[in-house]
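Please open the model in a viewer and keep the selection panel at hand. The stops below proceed from the whole chain to individual side-chain pairs.

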Amino acid sequence: MEQQNSNNSLISEIEELRYQLEEARDTINAIRTGQVDALVVKDDNGHQLYTLKTADQTYRVFIEKMSEGAVTINREGIILYCNTRFAHMAATPLEKTIGQPLSFFVPDASKSKLEKIINSSWNQDCREEIMLKDGGGRDMHCLFSCNTIELDGGLALSIIITDLTVLKNTEQELQVRNYQLEEAQAATEKLNNNLEATVRQRTHDLVISREHFRLLTNNIVQMTWTNLPTGEFTSYNQRWYDYTGLTLDDDHEIVWEMVVHPDDLKKTLELYNKSLLTGELFEIENRYKRYDGVYRWHLNRSKPLKNDAGDIIFWVGTATDIEDQKQEMERKDEFIGIASHELKTPLTSLKGYLQLIAGYKKEELPPIVRQYVTKASTSINRLQSLINDLLDVSKIKAGRLEYALGSVNISDLLNQCIENARHINPAYIFDSKLDNDYIIKGNHERLEQVLMNLINNAVKYSPVNKTVIITSQQVGNYVRVEVIDSGIGLSPDQKDKIFDRFYRVADKLNMTSGLGMGLYISKEIINNHDGIIGVESEMGQGSTFYFELPLGR
């Protein structure tokens, strides 16, 4: 019975507390919606009545809709009123907020600052940044803006609390960005200083390099110039001005016409423009007019300077005076021509006498005598071949290498030369890969001379692999003849000079005879046939000498 009475008593108390809670909620809701204009707060002096003089529903709705927290406190710091936003900022239910000391929602570290601003705000409006508990273990930066408000019960303090979290985060981010910007500026300034130092050094180096180049070019015997990829000339050395008599005021655009011999001008311009277009080496022999009107022969060479991308920046050219060499070569050619003619007559007589001895029938010649006659005949034939080459060179230089042209069957020509080669060089194998019976217009004897020269060279420079291949095939409107060996091969430098007059391949392991005129003569013969002659080779990989002749109709 006693326990039942106790349970009933607890139930009654719970019901009473529930009723009070509902009443408190209704009261708070009434305050929020503006249904009441006053409230009673119990303190040490008993119950106190507080009434807002300007209270109306519109004002309270405005306060409730604010994005800032709004709080009204009395002199004891008790919250008389707060809006929903402050309760949300404090992470506390609204009903548990009103009636609490404002300091309850401030961390200990900020309570002294809160107390100071509250005390000061009763006399004047104050603003201060103060931390506010957010209920989640993290404090919130807020701006407390305080001013007094008059209630029926006396003065109260109205506080607008602005959340500064976003602002602080922005400030912090700006500080980080500012720090990064300062670092970037410092790095940029350092880089700029390094760049300026590099530019100064490079400029200094460039000036020195330019002065070195100018000093070098002004103290060599060759004339030098530079020109742009467009062909415009940009500079000359002192030797150029001294030789030509031109000055800096002369127009560079017509420099070729001003100094080059009229007979050499067309070819010079053609090769010059071709080099500008293709980027290939510009090289030509022509005559330059000296300041006194005398023309002298010069060897011109110009090469392009390219950047890393392979684009031409400018050209550097030189002109070397070869007038003395030209005259010396002419005297040499004249001597060779005279000596060859003078040697040919007694050599012919000597060859005739040897033939008479070899054909003597009255008495049997001793074997040793016949052997000597045979060796002498071989030597005379070799000497006669050399003299004929010298005469051909003389005729080429004099422009008198003339011969009759007729129809030539390339297959017949090749078969005849292969047969002769097999007879002369029985230790070698000569394979032929002939396509068709091509007919060209040419001189049979001179073309035989060219082909035999190519075959003999293949034999001389193939001491180990003794197979030589001769082929013919049609390439466009030309017939191409190739002589292929597996000999010592040629270096790039040797390939560039192989068709020069008196040039011989230097090979210590394979000492060969000859004057180095065979390929020079062969080139002139092919050129006179409107053909092309060339070589493809690598060191140690053999060589392929070829010539191409236009097909006859």
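Begin by colouring the protein by pLDDT, the predictor's confidence in each residue on a scale from 0 to 100. The mean pLDDT of the protein is 81, and 79% of its residues reach 70 or more. This is a predicted model, in which local features need pLDDT of at least 70 and side-chain atom pairs count only at pLDDT 80 or more, while totals for chains, interfaces and linings use all residues. Residues are numbered from 1 along each chain as its sequence is written, and side-chain values use heavy atoms, with hydrogens and water left out.

**Secondary structure.** Switch to a cartoon view: the protein has 14 helices and 19 strands. These are DSSP runs numbered from the N terminus (helices: H or I, at least four residues; strands: E, at least two). Select residues 46–51, strand E2, which has the lowest mean pLDDT among the elements, 53. Then select residues 295–306, strand E11, where the mean pLDDT is the highest, 93. Where pLDDT is low, the predicted coordinates should not be read in detail.

**Surface and contacts.** Display the accessible surface, which comes to about 34,300 Å² (Shrake-Rupley method, 1.4 Å probe; for residues, only the protein chains shown count as cover). Carbon and sulfur atoms account for 51% of this surface. Of the 553 residues, 35% are buried, where buried means under 20% relative accessible area, exposed over 50%, and partly exposed in between (1.4 Å probe, protein chains only). Among contacts (heavy atoms within 4.5 Å) between residues at least 6 apart in sequence, 53% join residues at least 24 apart.

**Salt bridges.** The protein has 15 salt bridges, each a side-chain nitrogen of Lys or Arg within 4 Å of a carboxyl oxygen of Asp or Glu.

- Select Arg-177 and Glu-173, whose closest N and O atoms are 3.2 Å apart. Both lie in helix H5 (residues 165–218), four residues apart, about one turn of the helix. Glu-173 is partly exposed, at 42% relative accessible area.
- Move to Arg-290 and Asp-292, which form a salt bridge at 2.9 Å, N to O. Arg-290 is partly exposed at 23%, and Asp-292 is likewise partly exposed at 41%.
- Next, select Asp-324 and Arg-296, paired at 3.5 Å, N to O. Arg-296 is buried, with a relative accessible area of 18%.
- Finish with Arg-480, Glu-482, Glu-536 and Glu-548, which are linked in a network of salt bridges.
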